[in-house]
Amino acid sequence: MLRPVPMTRALIVGPRDELEATIERLYDLKLLHIVDHKEGEEGLEIGKPLLKASEASEILVKLRSLASVLQLEDAEPAAETGLTGDLRQKILSLELNISEEDTSKKKIQSLLADLDRKIEEMTPFAELPLALQDYRGYERLEVFVGKAPRDIDDLDTVTTEYEAFAAPGLLAVFVVKAAASAMREFLAQRGFTNLPIPAGEGRPGDLLADLRAEKVRWEARSKEIEERLTTLRERYAGFLVAARAHLETQVEKAEAPLRFAVTDHTFLVDGWVPTAVFPEMKGRLERESHLLVSELEVAAAHEEPAVEPPVELRNPRPIRPFEMLIHMFGTPSYHELDPTLVFSLAFPVMFGIMVGDLGYGAVWVVYGLWLLRRWKDKPWGFWKNLTVAFVWGGLWASVFGAFVFGEAFGIPFHAPDIVGISRAEAFNWSDDILHVSIPLFPFLEKLHQVTDFIVLSLAIAYLHLSVGFAFGVVNEARHNPKHAIGKVGWLLILTGLFIAIMDRAGRWHGTLGYAIWNGLLGWVPRTGLVQASFGFSAANPIPYLALAMLGVGVVLMLATEGFLHIMEVFGLLANVVSYARLAGIGVAEETVIFALNSLILTSFLFPWIDSGNVVGLVLGLVFVGLANFLLFVLSTISGAIQSVRLNYVEFFLKFYKGSGTRFRPFGLRTKAEV
Amino acid sequence: MVVSAGQEGLVAMAAALTVLGTGIATAWAEKGIGAASVGAIAEKPELFGRVLPLVVIPETIVIFGLVIAFSLLSNL
C-alpha cells in the first residue's frame, strides 16, 4: 500500500529479422515500459522506423483533419471488422467527398457574413423615405445621416437652409455647405452618430428585401451541406474512429524501433517489467522466438546516479481514486513512500471538518453514490475519481456533523445553552422541527466555541505534520541517513511547539485546550519556564520538556541541514497555524447559513408558525432550499480546495518529492493519448 | 493582558483591523495569481486541477488574521 509495484529491469536481445514480430509480441503483452535508447549511447545507434510508418502516418494526418471537420470527438468506434479492405483507398475517397463539402460550407459562411453586414447597413435606411441615390451627388449640399439617441427638433437655431427627414431613432439632414460645420458640431453635441451610406441605387426597402431573400437562399444551401455532412458523419463516424485507433496503433508499432538500440544484426530493447510477471514474460518470449531476455542489475537507490524505475501505485480499490490527486501533484518516485493512504484519510477528514454538517454530508454520500452508479461503465476520469473523494468526504462530514458539531443543514440539533438569544438563534431540530429530542449533543458548537475549534484544528495539524515528518524519516533513512536525522529534528521541534501551544491553550477550565493539555498531554511534566508576557503564568509555565525538544530539534536540524534552515522553524509555526483554516472555513460557512436561516425564519416561517401564513411557508421553503443549495455548493468547493491545499502545501512539502515517472507499458494507450 | 472596563471597544477595533488588513492582503495576492491562472487555464484546460490550490495559497494570510482576531477577542 505504501510501496509501488516492484519492477525488474529487462533487456531483450534478438536478431534483426525478428524485430517486427517482437514489436507485435511486446505490444500484445502490454507489460514492458520501454526505456528510450539515446542515439550513440554505449556506441549503439537507434533503430529506423519500419517501412509502413510513413504511409500510416500520412493517412493518419488526413484522417485527423476529417475527424475535425466532422467533429468526431466523442463518437463510438465501430467494430474492428469494418476495417477490412484497402483503408488508404477508403479514406482518400472519403476525404475527396468531405473536403469538397467543407470548402463550400466555408465559402457560404463567409458569404452569409457579408450579407449580414449589408443587411445591417441597409436596415436603418429602409426607415427613411428616400432612395439611395438621393443621398449623393450634391454640389451645394452636405448630407448627414445617422442615429440620433433622442429627437433633435431645434435645428432652426443653426440655420434655416436645411431639410430634415426623421424616423424613430434616425435622422437625415441636408444642409447648405456654408452651414455644414456648424450643423455637424450641433448634431455631435446631441449624441448624433454618422452611418455610412450603402452603395447602389434604388429604394432601400426593396434592396433590403432582396438582400434578405438572398440570405434565405444561401442559408438553405448551407443547411443542405450541413445535412449532407451529418449524414456522412452518421455513416462514417464509427469507421473513422476505429480506423484512427487502428492507424495510431500501426504508427506506434512502426515507430517503436526509434526507441530501441540496434547493431548490424541485432536489436536491444531496454525496459521495466513488474517483477511478478517477469518470469512469465521471459518464458513466453524465449519460447516463442529466438530472443534472449535477461534481468539487468540495477544500481541501488543510494548509489549515484540512481536508476529510477517507473512507478505503478497499488492501493486497495476504495482509495485508488485518490491516486489521481497524488499524480496531480507529482507521481511518487520509486524509492519514496506512496502517500495515497494518508491522503485518502486526511483529505476526507479535513473536508468533513470544514463542511461539518450531517445534512450536506449525507447529500454528498447519496448524490455521489448515485452518480457513481450512473457512471458505472464510464472509464475512471477526473470527475469520477473526484466523486469518490467527495463520497468519502461526505461520510466524514456526516460523522462530524452528527457527533461533533451536532447540526444538519445549518440548524443545530439543540438550542445553544446560552441565555438571552433570539428566537431564530434558538431554532433547532429537536424542539422546533422534529419535536423529538435527538440523543446527540454537540461536542463543539461552531458559532460559540471558535477558540476550541481552532485548538482542534491545531491538534489535527500536529497529527498530520508529524505523519509527514515520519514519512520523511523513512524516505531519507535508506537514501541519506543524515537527512533522516534532520527530519527527526523537525519532528522534535514540531512536538515542542505543539506542547507549548497546547499548554497556552489549556489555561482555562472547560475548553478543548484544557481537555487536550490535561488528557492527551497529561504526561508532560508541568515544571517549566514562566514567561508571563507571553501568557505563560506561574500556573502554566512553558514545560522544560518542550524547550528541550525545541533545543535538541534545532541542534539536530542545524547539524544536518545547515544554518539557514533556522528560518524555517518560523515557517513550521506558520504551517501549523495555517491549519486554523479548518476552523475558519467551518465557522464562516456556519455563519453564512445561520444568517440566511435567521432571515428566512423571521421573515417567512415564524409568521407561518404564528399565524398560519401559507405564503410565508411557501416562500420560506423556497428560500431555505436556495440558501442550502448555495451553502452546499460553497462548502463543497472551499472544503475541497482548502483540504487539497493543506495536503499539497503543508503536508507534502515536508517529505514528498513526487519526481517519479508513471509506468506506461508499451501497447497500453490511455484515452487522453488517443 | 488585562483589558480595563471601557476599553473592550479598542480590542474589538484591533480585531476588526486585523481581519481587514489580512483580508485585503489576501485579496491583493490572489488577484495576481487568479488572473495568471485563468490565463494558464485558457491555454491548457488540463491545468485546472494544478492551478486551483495555487490560487488559495495566500488565503493563509487571512487565516492568520482570523486566529489573531479570535485570540484578541477571547483570550487576552
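Strand 4 and strand 7 of chain A run antiparallel and are joined by two bridges. Two strands count as paired if DSSP finds at least two bridges between them. Helices (H or I, at least four residues) and strands (E, at least two) are DSSP runs, numbered from the N terminus. The model is predicted: local features need pLDDT of at least 70, side-chain atom pairs count only at pLDDT 80 or more, and totals for chains, interfaces and linings use all residues. Residues are numbered from 1 along each chain as its sequence is written, while chains are lettered from A and ligands numbered from 1 in the order in which they are written.

A:Ala166 pairs with A:Leu171 of strand 6 of chain A. A:Ala167 stands opposite A:Leu170 in strand 6 of chain A. Strands 5 and 6 of chain A form a hairpin with two residues between the strands. In this hairpin, A:Gly169 takes a positive phi near 80°.

Helix 18 of chain A covers residues 581–611, which makes 31 residues. From its first C-alpha to its last, helix 18 of chain A reaches 43 Å, close to the 45 Å expected at 1.5 Å a residue. The expected span is 1.5 Å times one less than the number of residues. Helix 18 of chain A bends by about 50° at A:Leu601. The bend is the angle between axes fitted to the seven residues ending at a residue and the seven starting there. Just after helix 18 of chain A, A:Gly612 has a positive phi of about 65°.

Chain A has 19 helices and 14 strands. Its C-alpha trace spans about 105 × 90 × 55 Å along the principal axes. Chain B has three helices and zero strands. The C-alpha atoms of chain B fill a box of roughly 60 × 15 × 10 Å, taken along the principal axes. The radius of gyration of chain B is 18 Å, but a compact globule of 76 residues would have one near 11 Å. This radius is taken over C-alpha atoms, and the globule rule is 2.2 Å times the number of residues to the power 0.38.

The contact between the chains takes 15 residues from chain B and 15 residues from chain A. Two residues are in contact if their C-beta atoms, placed from the backbone, lie within 7 Å. On the side of chain B that touches chain A, helix 2 (48–55) and helix 3 (59–75) of chain B are the elements that give two or more residues. Helix 3 of chain B gives the most to this side, with nine residues. The residues of this side of chain B divide into nine nonpolar, four polar and two charged. Ala, Val, Leu, Ile, Met, Phe, Trp, Tyr, Cys and Pro count as nonpolar, Asp, Glu, Lys and Arg as charged, and the others, Gly among them, as polar.
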